[in-house]
There are 4 protein chains.
Amino acid sequence: MISFACDYLQGAHPTVLQRLVDTNLDTQPGYGEDVYCQTAKEKIRTAFDCPDADVWFLTGGTQTNAVVIRTLLSPVQGVICAQSGHIAVHESGAIEYTGHKVLPLPAHDGKLDAAEVEAYLEAFYADQTWPHCVAPGMVYISHPTEYGTLYTADELRALSAVCRRANIPLFMDGARLGYGLMSHHTDVTPAMVAELCDVFSIGGTKVGALCGEAVVFRKGRMPEYMLSAVKQQGALLAKGRLFGVQFDALFTDDLYFTISRHAIDMAEKMKDIFRRKQYTFRPETDTNQQFICLENSVLQRLQPLIGFSVWEKADDTHTVVRFATSWATTEEDLAYLDSVL
Amino acid sequence: MISFACDYLQGAHPTVLQRLVDTNLDTQPGYGEDVYCQTAKEKIRTAFDCPDADVWFLTGGTQTNAVVIRTLLSPVQGVICAQSGHIAVHESGAIEYTGHKVLPLPAHDGKLDAAEVEAYLEAFYADQTWPHCVAPGMVYISHPTEYGTLYTADELRALSAVCRRANIPLFMDGARLGYGLMSHHTDVTPAMVAELCDVFSIGGTKVGALCGEAVVFRKGRMPEYMLSAVKQQGALLAKGRLFGVQFDALFTDDLYFTISRHAIDMAEKMKDIFRRKQYTFRPETDTNQQFICLENSVLQRLQPLIGFSVWEKADDTHTVVRFATSWATTEEDLAYLDSVL
Amino acid sequence: MISFACDYLQGAHPTVLQRLVDTNLDTQPGYGEDVYCQTAKEKIRTAFDCPDADVWFLTGGTQTNAVVIRTLLSPVQGVICAQSGHIAVHESGAIEYTGHKVLPLPAHDGKLDAAEVEAYLEAFYADQTWPHCVAPGMVYISHPTEYGTLYTADELRALSAVCRRANIPLFMDGARLGYGLMSHHTDVTPAMVAELCDVFSIGGTKVGALCGEAVVFRKGRMPEYMLSAVKQQGALLAKGRLFGVQFDALFTDDLYFTISRHAIDMAEKMKDIFRRKQYTFRPETDTNQQFICLENSVLQRLQPLIGFSVWEKADDTHTVVRFATSWATTEEDLAYLDSVL
Amino acid sequence: MISFACDYLQGAHPTVLQRLVDTNLDTQPGYGEDVYCQTAKEKIRTAFDCPDADVWFLTGGTQTNAVVIRTLLSPVQGVICAQSGHIAVHESGAIEYTGHKVLPLPAHDGKLDAAEVEAYLEAFYADQTWPHCVAPGMVYISHPTEYGTLYTADELRALSAVCRRANIPLFMDGARLGYGLMSHHTDVTPAMVAELCDVFSIGGTKVGALCGEAVVFRKGRMPEYMLSAVKQQGALLAKGRLFGVQFDALFTDDLYFTISRHAIDMAEKMKDIFRRKQYTFRPETDTNQQFICLENSVLQRLQPLIGFSVWEKADDTHTVVRFATSWATTEEDLAYLDSVL
C-alpha cells in the first residue's frame with residue numbers, strides 16, 4: 001500500500017546504499033577510526049561552514065539526545081524544552097534515565113519563545129530556594145519541531161543570545177534537519193545553525209540513511225571523554241564505518257540537501273492537494289510533515305486505501321493525522337493520494 | 001527574633017528529646033534492629049489502624065520520596081503528581097536522579113483531581129505510541145499539600161479508587177501529616193489514610209522530631225529487598241534507634257497528634273489575626289501554614305520585625321509569603337505577631 | 001594491508017548486503033514492526049529450536065548487555081561474571097551506569113566455574129550482613145569468551161543447573177556465538193544454548209552483519225515492558241528493518257553457521273601456520289581468535305607487514321597479540337600471513 | 001548484656017546530647033544555615049589545621065561516600081579502592097547506583113599499596129583500549145580500614161603523591177577517624193590528613209554522635225553545586241542544626257579526640273586480656289576494633305555471655321569475630337570480658 005505514514009518507510013537512499021556496497025570489502029579499523037568517518041566529518045564541517053567543530057556519529061535520535069544532554073549537563077542540571085519536545089514526550093523517559101530532569105516550557109506550534117526562556121531563567125535564580133530546584137543547564141530545541149514547524153533566523157538568533165547570556169548551551173535536535181534547511185520558506189542556513197547552536201544533530205535515519213545521526217559540537221564543547229561516554233551508553237558501533245560511509249555519501253555532491261529538497265517539493269505539492277480539497281491543516285507547515293484534521297468517518301474511509309499516521313484525538317468526531325514525504329516519495333504516490341482523498 | 005518562617009526552627013519536642021536522653025545509654029543493636037524501632041512500628045500500626053502494614057524509618061522527606069518511588073516503580077514508569085508537588089519542584093531532581101520521570105498534572109490549590117488523573121490514564125493508553133512515552137506507575141499526593149491545603153475524605157476515596165482500577169499505588173507524602181489530620185476542618189482520619197493509600201509517610205522532622213520520617217506500606221506493598229534498597233540509597237542509619245526512640249515517643253500517648261493539634265490551634269488564631277487585619281490569604285488553609293499576599297512595602301516593613309518565608313512573586317508590587325506554626329509556637333509569639341502586623 | 005586485527009574489518013557479508021539492496025524500497029513500518037523482523041525471529045526460533053522464545057534486536061553488544069542486565073535484575077542486584085568478562089572490563093562501565101554492580105569471579109581461560117559460582121552464592125547468603133552487600137541476581141558468561149575459549153556442554157549444564165537452583169537467570173553473551181557453535185571442537189549445539197540459558201544474544205556485528213545483535217529470551221523471561229526499556233536506553237531503531245533484513249538473511253539457508261564455519265576453518269589453518277612456525281599460543285583456542293605471545297622484536301618486525309591487535313603486555317620482552325579470522329578471510333590472506341611470519 | 005559488638009550500641013556521648021538539649025529551643029534557620037553548623041565548621045578547620053577547607057555535614061557513611069564520589073568523578077570515571085573497602089563490599093552497591101564503577105585493588109590488611117596504585121594507573125593508560133575501560137578518577141581509602149588497621153604517615157604521603165602526580169583526588173573515609181588519630185601507635189596527625197587528602201570524612205556516628213559525618217574538602221575541591229547535589233541524593237536535613245550542634249560539641253575542648261582516646265585506651269587493655277588468654281588476633285590492630293579467631297566451640301560458649309560480632313568464617317572449625325570499644329566502654333565492661341573469656 002502506498003504510504004505517507006512517516007519518512008522512514010524505506011531503507012536508504014539508493015546512492016547511500018550503493019556506497020555501502022562499493023566500500024563493503026575495504027579493510028578498515030573499527031570504532032570510528034575508519035577513513036570514511038574522517039572524510040564524512042570533514043564534509044559536514046564544510047557543509048555547515050564550521051571548520052573547527054567536532055563531529056560524532058551515533059545510531060539514533062533518542063540515543064543522541066541522551067548522550068549529548070547527559071554529557072553537557074552537570075549532575076544537578078536539567079534541560080529546558082518545549083512541552084511538545086521529543087525528549088519531553090516520546091523518548092520513554094530516556095533523559096530522566098540519565099538522571100536529568102526535562103524542564104518543559106510552553107510550546108508555540110512546537111517552538112520555544114526566547115523571551116519566555118529568558119524570563120524563566122531570570123525567575124529561576126530570583127527564587128531564593130533555587131538550589132532545591134533543578135537548575136536549567138541547557139536549552140533543547142528541535143528543528144523542524146515535532147509539529148513540522150521551523151524557527152526563523154531571528155527566532156534562532158534570539159534563543160542563541162539568551163543561552164549565551166546565561167552561559168548554557170543551545171542544542172538543536174536536527175533529526176529532520178535537512179527538511180528544515182531545504183524548506184521553501186526558511187531563512188535559516190546551515191552555517192547559521194553551526195554558528196548559533198552549541199551542539200546540533202544532523203539526522204540520517206529520516207533523511208536517506210539506514211540509521212545514524214551526526215552530532216556537531218561547536219569548538220570546545222565536545223566532552224573530552226566523549227568516546228568513553230558513548231561506549232558507556234551503549235552507543236559505540238564496532239563497525240563505525242556504517243556511519244562514516246553513509247554520511248560521506250550524504251554529504252558528497254550535496255545529496256543530503258538534494259534529497260531533502262525533493263521531499264519538500266513533494267510536500268508542497270501534497271499541501272496543494274489537501275488545500276484544493278479543503279482539508280484542515282493543524283497547522284500547515286513548511287516541511288515534509290503535514291498534520292491534517294480529519295472527520296473520523298473520513299479517517300475510516302481512508303485507512304484501507306492509503307498509509308498515514310494517527311497523531312492525536314482532536315475532538316470526539318475529529319482526529320489529527322500525519323502525512324509525511326521523504327526522498328522516496330514520487331509523483332505517482334501524490335497522484336494516488338489525490339485520487340483517494 | 002520571633003519567627004514563623006517554617007515548622008523546623010527549633011529542635012525536637014521536649015518529650016521526644018527527653019526520651020533520647022532517657023534511652024541514651026541502653027545497649028541496642030544497629031540498623032533498625034533496636035527495640036524502640038519495633039515498639040514505634042507497633043504504635044504506628046495501632047494509631048493508623050493497620051495491623052498488617054510494614055513500617056520503615058528514613059531520615060528526611062526527599063530521601064523518603066526517592067526510596068519509595070524508586071522501589072515501587074518499574075524501570076520504565078513515572079509518577080503522576082500535581083504541578084506544584086514537592087517532588088516536581090523542590091527536590092533538586094531527586095526523583096529524576098533515580099531514573100524516573102515526574103508526570104505533572106494540573107494542581108488545584110496544590111491538589112490532584114481524581115477525574116483528571118483518570119482521564120490522563122485513559123488518554124495515555126489510548127495513544128498507540130504509549131510505549132514510547134513514560135507510563136504512569138504511581139500517583140503521588142502530599143497531604144497537606146505544598147500550599148497547606150487538604151484533600152477531603154471523598155477526594156481521597158476518589159483518587160484511591162482511580163489508582164486501584166488502574167492497579168497503581170497511591171502514595172501520600174505526609175511530611176506534615178499530623179497537621180492535616182488534626183485540622184479543625186478535615187474529615188480524613190488516620191485509619192482512612194492507611195486504608196486508601198498504598199504507601200504513606202508520617203513526617204517527623206516537621207512535627208516534633210529532630211529528623212526522621214516513617215513510611216507505612218499497605219500489606220504486601222513493601223519491596224522484599226527494602227533493607228538493601230534503603231542502604232543503597234544511603235538512607236540506612238547505623239543508630240536506627242534515633243528513629244525508633246523518637247517515633248516511639250511521638251506515638252506514645254498521642255503526642256504526635258497532640259502537638260499537631262497545638263500547631264493547628266495556633267494557626268487558627270493566627271488566621272484570625274490576619275483576617276482581622278484584612279490581610280489577603282492565598283489561599284486560606286486549614287493547616288499550620290498560611291500563605292499571605294503582601295504589598296512589597298509591607299513586606300519590607302515586616303522583615304526586620306518578624307520571621308517569615310518569602311514564597312513567590314505575586315505581581316510587580318506584591319509578594320506571597322508563608323507564616324507557619326508548629327508545636328513550639330506560643331500565645332506570646334502570636335501576640336507579638338499581632339503587634340507588628 | 002592484509003589484516004587479522006579483528007572480525008569486523010569489512011562491512012557485511014555480501015549476501016546480507018544484497019538482501020538490504022533487494023528489500024531497500026519495500027515499504028515497511030518502523031520500530032521492529034516490519035515483516036523482516038518477524039520472519040527473522042521465526043527463523044532464529046527454528047535454528048535454536050526454541051519455538052516459544054521471545055526475540056529482540058539491538059544495535060551492539062554493550063547495548064545488548066546493558067539492556068538485558070538492567071531489565072532482568074532487581075534494583076539491588078548485581079551480575080556475576082568472570083574477571084575477564086567483557087562487561088567487567090571493556091564496556092566503559094556501561095553496566096554500572098545502569099546502577100548495577102558487576103560481581104567478578106575468577107576466570108579460567110575466560111570461563112566461570114560452576115562450582116565456584118555455587119560456592120559464591122552459598123557463601124553470600126551465609127553471611128548475615130548480606131543485605132548490605134550486592135545480591136547476585138544473574139550469571140553472565142560469554143561464549144566464546146573474551147579469550148576465544150568455549151564452555152563444554154557439561155560445563156554449560158552445570159552452570160545452568162546452579163542458576164536454576166538459585167532461581168537466577170543465566171545470560172550468555174554470544175557476540176561471537178556462531179564461531180563458538182561452529183568450532184571443530186565443541187559439543188554445544190544451538191538447541192542446547194536455548195535450553196540451558198535463560199537469555200542469550202546472537203552477535204551479528206562480528207558474524208557478517210553491519211550491526212545488530214539478536215537477543216533470545218526463554219519463554220516468560222522477556223520483561224513485559226521491553227519496548228519501552230529499549231527505547232529508554234536509546235536502543236530502538238526507527239528503521240528496525242535494518243536488523244530484520246540482516247538477521248533474516250543470516251538465518252536463511254544457514255548462512256550464519258556457514259560463514260562462521262568458514263572463519264573457523266580459516267582459523268584452524270592459521271593455527272597450523274603458527275604451530276608449524278613454533279609461535280606460542282596463549283592459550284590456543286578452538287574459535288576464530290588466536291592469541292599469540294610475541295617477542296617484542298618480532299612484534300616490531302611484523303607490525304608494518306600485517307594487521308593484528310596488540311592485546312596485553314606479557315612481560316618486559318613479550319607481548320600478547322590477537323589474530324582473528326572472519327567470513328572475509330581468504331586462503332590468500334593465510335598464504336600471506338605464512339609468508340611474513 | 002554487656003556487648004562489644006560494635007561502636008554504635010549506645011546513643012550519643014552525654015556531652016553531645018546535652019548540647020542538643022541546651023540548644024533545643026533556639027530558633028535557627030534550616031538546611032545548614034544555623035549558627036551551630038558555622039561554628040562547628042570553624043572548629044573542624046582549626047582542629048585539622050586547614051583554614052581554607054570547605055566542610056559539609058551528611059547523615060551517614062554510605063551516603064557520604066556516595067555523595068563525595070559521585071560529585072568528584074566525571075561520568076566515565078570509577079574509584080580505586082582496596083578489595084576489602086567498605087564501598088566495594090558493604091554498601092549494597094551504593095556507588096554503582098550513582099553510575100560509577102568501584103575498581104578494586106589488592107588489600108594488604110585492608111590497605112592499598114601506593115606502588116600498586118601507581119602501577120595500576122600506568123598500566124591503565126598504557127593499554128590502548130583504555131577509553132573502553134573505566135578510567136580511575138579517584139583513590140578511596142578508609143582510615144582506620146575495615147580491618148581496624150592504619151596507614152602510616154609515610155604510606156599516606158606515598159598515596160597522596162601518587163594521586164597528585166595523576167591529578168586525581170585522594171578520598172579518606174574517616175568513619176572511625178578519631179580512633180585512628182588517637183591510636184597509641186600512629187604517626188598520622190589531623191593536619192597531615194587535611195594536607196595529604198583532597199577530601200576526607202570525620203565520622204560522627206561511630207565516635208559519639210547520634211548520626212552525622214563531616215566532609216572536609218581541600219580548598220577548591222568542593223563542587224560548586226554541592227547543596228543541590230546533597231539535596232538531590234536525599235542527604236539534606238531540614239534541621240541541619242542536628243549536625244551543627246553535635247559536631248560543635250565534638251570539636252569543643254577536643255571532645256572528639258578525648259573520647260576516641262578513651263576507646264583506644266580501653267582497646268589496648270582489651271588486647272592485653274586477649275593476649276594474656278592466648279587468643280588469636282587476625283590481625284592485631286592499633287585501633288578500637290579487634291578481630292579474634294575463635295574455635296567454634298568457644299564461640300558458642302561465649303555467645304550467651306557477651307556481645308560481639310561474627311565477622312567471617314576462618315575455616316571449618318574457626319570463626320573470626322569482632323570486639324569493639326567505644327567512648328561508652330568501661331573498666332567494668334573489660335573486667336566482665338576478662339571473667340568470661
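Hi everyone, let's start in chain A, in the loop between strand S4 (135–142) and helix H7 (153–166), because that is where A:Pro144 sits, going by helices and strands taken as DSSP runs. This is a predicted model, so please keep that in mind throughout.

What joins A:His143 and A:Pro144? A cis peptide bond does, and its omega is about -5°. Now hop over to chain D. There, D:Pro144 is placed in the loop between strand S4 (135–142) and helix H7 (153–166). The bond between D:His143 and D:Pro144 is a cis peptide too, with omega at about -5°.

Next, a pair of backbone angles for those of you who like phi values. Back in chain A, the loop between helix H4 (86–89) and helix H5 (94–97) holds A:Ser92. This residue is not a glycine, yet its phi is positive, about 50°. Is A:Ser92 buried or exposed? A:Ser92 counts as buried because 29 other C-beta atoms lie within 10 Å, and the cut-off for buried is 20 or more.

Our other example is in chain B. B:Asn167 is found in the loop between helix H7 (153–166) and strand S5 (170–173). B:Asn167 is not a glycine either, and its phi is positive at about 60°. How many other C-beta atoms lie within 10 Å of B:Asn167? There are 7, so B:Asn167 is exposed, given that the cut-off for exposed is 12 or fewer.

Terms used:
Residues numbered from 1 in each chain as written. Chains lettered and ligands numbered in written order. Predicted model: local features only at pLDDT ≥ 70, side-chain atom pairs only at ≥ 80, totals over all residues. Helix = DSSP H or I, 4+ residues; strand = E, 2+ residues; numbered from the N terminus.
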